[in-house]
Amino acid sequence: MDYVDIPSVAHRLSPGDVRSTQPQPRIQTSVKPAHSSATPTEPTISPAKSMLSNLPAMLLASTAGIPTAGNLSGQRGPGALISTRDPLSIPITTANFRRFVSKVGPVFWLQDRIEEILTWKRGWKVTTVWMAVYAFLCFFPELTLLIPNALLVAILLRTHPAQTADASQDARDGIPPAPPPQVFEGTAVWQANLQCIQNLMGVVSDVDDAILPILPHLTYQTPYTPLLLTTAIVTLLLSIPLVYLIPFRLAALFMGLLPFFFTHPFTRSTLLPAIISTVIIPFWKTGFSWFHKVLDDDKLGDKHWRTQLRQVEVFENERWNPNSRETSGSTAPTMSGLGGTSFLGSSPQGAHDITSAVGKNNRMGWGKSNLKSGERKAWTRGRDGWSGIAEGGDISCLNFDLDEGWSFVETEDWRPDITGSWLTCRADDSGWIYTNDAWLDPRPEPLEEWKTPTGGMTRRRRWTHRIYYTGSPTDFKGFEFE
């Protein structure tokens, strides 16, 4: 202890003195907000609501291990940013959170009123009036400078004593009264503000989750980023001359009224689903398939372009069993030669390992083991279900040989036909086409009567892969699979 400076007021603890080294229990109390005698007294909080009073402290309890050094310190001064004005501190965070909950009520009240107008929940008359006001401002944009004065006049008229004395009109119109500018902790209004914050955090997280899959394409983490950059630059240069040809007022009117069209109940319930199912989804599937084909063609070598290219196909078949929970792809069977007679040939040209582009199918009730005895196998060559080649397993587990002189294109893989181009009906998002118990009546979605115990349903999906001819041109006799 020679290298430690012991204060003169300190005294040595005895070995048996254990309680003196334990920290004293700390009692936490919330500070009552100061208010004058004219302010109404705070209502009594029931024991059931006392838990909500400590909710800010409970939410911030997990941040006790956050370091407070480095860039987390505060930066006071005229040039300090709002985000770094105060250092990271749990007491400051708790106090600001309590203040925010008690004061944010009017913001969410205004948000609810705007949402009611935008989604036609106040009736077509109210929404139409606001649409007419927006259209008027589009044709006379100079009047937007008068919006601040108009808002001030509207607030003053709304809070006039003659208006506040008669609040029955708002009740008849279904408009909830505006919340007070500040509420006490633990009251019903305070809990409503806390609920609004909770739901807003969920909406922000949902929006972030929806945008997150797009970010890799914008940060050069996928091969599509250079193509996206080229497309953006070309469209930007082509749009510059068109900017002066577009009427600004009509464009603003169209873009401003378009959200009201999409949020109308008829559009959301009837028109929009019909447009998505008949126009957008088929167009997206066709464009997606064409885009992947362009990428595959760009990866082809000279040896592929100088010879014959063909396409082979296999069909994946499954049956529904409401009591089954099988996950497809659990087995790894072998596959007989496609167009040949050998199994898992040893030829380095013909052998090919298939990797699934979609992955395993985890839909409960669907499985290859549910297929009945004597019907088509899990993997078939023919569209009619004949020429079976495997009893089960996933496509990533299948290997087979091609006819002599043919090889798979090395730069490609097996892909599902998501457009369902081999039948007149459409396929679902994964390329499945659903049929009844007898593999008839193809549909993009199964019917409800097929799911009953007396019914039954099946489904099948087409997989394709391109091959090229590697033999002598004089020996070329064509290929039977297109």
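Visitor: Why is R443 called partly exposed?

Guide: R443 has a relative accessibility of 32%. Buried means under 20% relative accessible area, exposed over 50%, and partly exposed in between, with a 1.4 Å probe and protein chains only. R443 therefore counts as partly exposed. The model is predicted: local features need pLDDT of at least 70 and side-chain atom pairs count only at pLDDT 80 or more, while totals for chains, interfaces and linings use all residues. Residues are numbered from 1 along each chain as its sequence is written, and side-chain values use heavy atoms, with hydrogens and water left out.

Visitor: What makes D441 and R443 a salt bridge?

Guide: The term requires a side-chain nitrogen of Lys or Arg within 4 Å of a carboxyl oxygen of Asp or Glu. The closest N and O atoms of D441 and R443 are 3.3 Å apart, and the two form a salt bridge. D441, at 34% relative accessibility, is likewise classed as partly exposed.

Visitor: How many salt bridges does this rule give?

Guide: The count comes to 19. One of the pairs is E448 with K451, at 3.8 Å from N to O. E448 has 56% relative accessibility and so counts as exposed, whereas K451, at 38%, is partly exposed. Salt bridges also link E316, E318, K368, R459 and R461 in a network.

Visitor: Why are E116 and R113 said to be about one helical turn apart?

Guide: They lie three residues apart in helix α4 (residues 105-118), which means a separation of about one helical turn. Helices are DSSP runs of H or I with at least four residues, strands are runs of E with at least two, and both are numbered from the N terminus. The side chains of E116 and R113 meet in a salt bridge of 2.9 Å, N to O. E116 is buried because its relative accessibility is 17%, and R113 is buried at 11%.

Visitor: What makes F315 and W422 an edge-to-face pair?

Guide: Rings of Phe, Tyr and Trp (its six-membered ring) pair if their centres lie within 6.5 Å; planes under 30 degrees apart count as stacked, over 60 as edge-to-face and the rest as tilted. The centres of the F315 and W422 rings are 5.0 Å apart and their planes are at 70°, so the pair is edge-to-face. F315 belongs to strand β1 (residues 309-320), and W422 to the loop between β6 (415-416) and β7 (433-436), 107 residues apart. F315 is buried at 1% relative accessibility, and W422 is buried at 8%.
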